[in-house]
Amino acid sequence: MTRPNMRPGLLAFAFMVLFSAATAAFGHPPSSGTLHDWGEQVDYDMVFPVQGDNTYSPGFWASRGEYVHHATDIMASKMTPVVAVADGVIYSVNWSTNPNDLRPHKCCNLIIDHDDGWQTKYYHLNNDTPGTDDGQGWGIAPGILPGTHVSAGQVIGWVGDSTNAENTSPHLHFELVDPEGTIVDAYLALKAAEGNRVASSACAPLSPSSATELLGGTRLLKVGARGTDVRQLQQALASGGYDPGGVDGVFGPKTAAAVKAFQAARGITADGIVGSESRRVLSNLLETSQYATALSPSGPILRPGDRGSAVREIQAVLEAAGFDPGPVDGVYGPKTVAAVKAYQQQAGIGVDGKVGPVTRRSLASSLGVTGSGC
Ligand SMILES: [Zn+2]
């Protein structure tokens, strides 16, 4: 073998070493496209992804030991709502694109393919039971599965410290990818999005059974109160589109203002104090999250005389929406018909006393039920 024959091999080897080094240094081959360079600052129009108090700083080029961070970390309290920054389809949940295999052991993160070709990644979503660090929670909003279409501002999950962030402060690791697959620096786009927060019609973050401190408690919650029950109250308010000024378990003036707004909207005494009456109405708010399936537009058309669990669920939804369907008994009787008609009249949709796709979509929208137009 002659030396000239050796050289191409050596060169190839040298390139491999260089390429591997670059891959290791960036955690990703830093592929620049025709639209943007890898890590370029962009002016991408979007909704701010964290709904609540937060802090962040330029973090794309921060070193993470072997690689460059290539993301922005938005620090916020656990269970602060995270919303889709743009309209799109959930590409993966916990790195799975299969809605029947959500890999709970990889909980919790998701990726959205935007309708405009861009992509965003949301990592370290909550994986704890609220108030604990037990790793037993599920910080992805109900109904959010691979293939689900989401709207800008829709709640998709809650801030946490999952996967390799267990030993850090809770935050959202947020990545922005352009239509060519080039990861860009989202910092300026986030800055531009600030003040552009959508008051999400929002989606219940808690099932009533996991809000026992709030719903089962007897103390009056008012300015100055602290605790798990206050945190759950704030989560419930945030999910209902009322800004409690953070989900920190401290009942401050912003939480009081949110309680008053919620009370006024639900037609109860707007005193900013949570007692038994507010607890009952909050329970209804949380109940609605249980009815995402019932409010799916593809559900069966329900008519007077029908019976069964679908009717029962619609009755509970009507009650939560402030209408009286009579007993929640699964029987589509005259009072339920009257409640449906009253709702349809108020909502400005066709008044026929039946529950079909239009009525479901409308109810889902007005109640902010996840997966049904929230
Ligand atoms: Zn990060």
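Predicted model: local features only at pLDDT ≥ 70, side-chain atom pairs only at ≥ 80, totals over all residues.
How many bridges join E7 to E10, and which way do the two strands run? Five bridges join them, and E7 and E10 run antiparallel.

## Overall make-up

The protein chain contains nine helices and 11 strands. Of its 374 residues, 42% are buried. Among contacts between residues at least 6 apart in sequence, 64% join residues at least 24 apart.

The largest nonpolar core has 80 residues. Val 82, Leu 110, Ile 156 and Val 317 have the most contacts inside that core. In soluble globular proteins, nonpolar side chains tend to be buried together. Leaving aside neighbours within four places in sequence, Leu 110 is in contact with Ile 90, Ser 92, Val 93, Tyr 122, Ile 140, Ile 144, Ile 156 and Gly 157. One of these partners, Ile 156, is itself among the core residues with the most contacts.

## Strand E10 and its partners

Strand E10 covers residues 171–177, and six of its seven residues are buried. E10 pairs with E3, E7 and E11, as set out below.

| Strand joined to E10 | Bridges | Direction | Residues standing opposite |
|---|---|---|---|
| E3 (residues 72–75) | four | antiparallel | Ile 74 and Leu 172 |
| E7 (119–123) | five | antiparallel | Tyr 122 and Phe 174 |
| E11 (residues 183–184) | two | antiparallel | Val 177 and Ile 183 |

Tyr 122, which stands opposite Phe 174 in E10, is also one of the contacts of Leu 110. E10 and E11 form a hairpin with five residues between them. In the turn of this hairpin, Gly 181 has a positive phi of about 90 degrees.

## Two loop residues

Trp 118 sits in the loop between strand E6 (110–114) and strand E7 (119–123). Is Trp 118 buried or exposed? Trp 118 is buried, because 20 other C-beta atoms lie within 10 Å, and the cut-off for a buried residue is 20 or more. Apart from neighbours within four places in sequence, Trp 118 contacts Tyr 44, Ala 86, Leu 176, Val 177, Asp 178 and Pro 179. The C-alpha atoms of Trp 118 and Thr 182 are 9.5 Å apart, although 64 residues separate the two along the chain.

Gly 137 lies in the loop between E7 and strand E8 (149–150). Gly 137 counts as buried because it has 23 C-beta neighbours inside 10 Å. Not counting residues up to four places away in sequence, Gly 137 touches Asn 126, Asn 127, Asp 128 and Thr 129. The C-alpha atoms of Gly 137 and Asn 127 are separated by 4.2 Å, with the two residues 10 apart along the chain.

An α-helix has 3.6 residues a turn, so residues three or four places apart point the same way.

Helix H5 (residues 253–265) has 13 residues. From its first C-alpha to its last, H5 reaches 18 Å, close to the 18 Å expected at 1.5 Å a residue. The buried residues in H5 are Thr 255, Ala 256, Ala 258, Val 259, Phe 262 and Gln 263. They cover an arc of only 160 degrees around the axis, so they are on the same side of H5. On the face turned away from this buried side, H5 carries the exposed residues Pro 253 and Ala 264. Just after H5, Gly 267 takes a positive phi of about 75 degrees.

Helix H8 (residues 334–347) has 14 residues, which should span 20 Å at 1.5 Å a residue. Its end C-alpha atoms are 20 Å apart, which agrees. In H8, Thr 336, Ala 339, Val 340, Tyr 343 and Gln 344 are buried. Seen down the axis, these buried residues fall within an arc of 130 degrees, and therefore line one face of H8.

What do the buried residues of H8 pack against? They pack against helix H7 (309–320) and helix H9 (357–367). The face of H8 turned away from its buried side carries Pro 334 and Gln 345, which are exposed.

Terms used. Residues numbered from 1 in each chain as written. Buried ≥ 20, exposed ≤ 12 C-beta atoms within 10 Å, placed from the backbone. Contact = placed C-beta atoms within 7 Å. Expected span 1.5 Å × (residues − 1). Arc of directions from axis to C-beta. Core = buried A, V, L, I, M, F, W, Y, C linked by C-beta atoms within 7 Å. Pairing = 2+ DSSP bridges.
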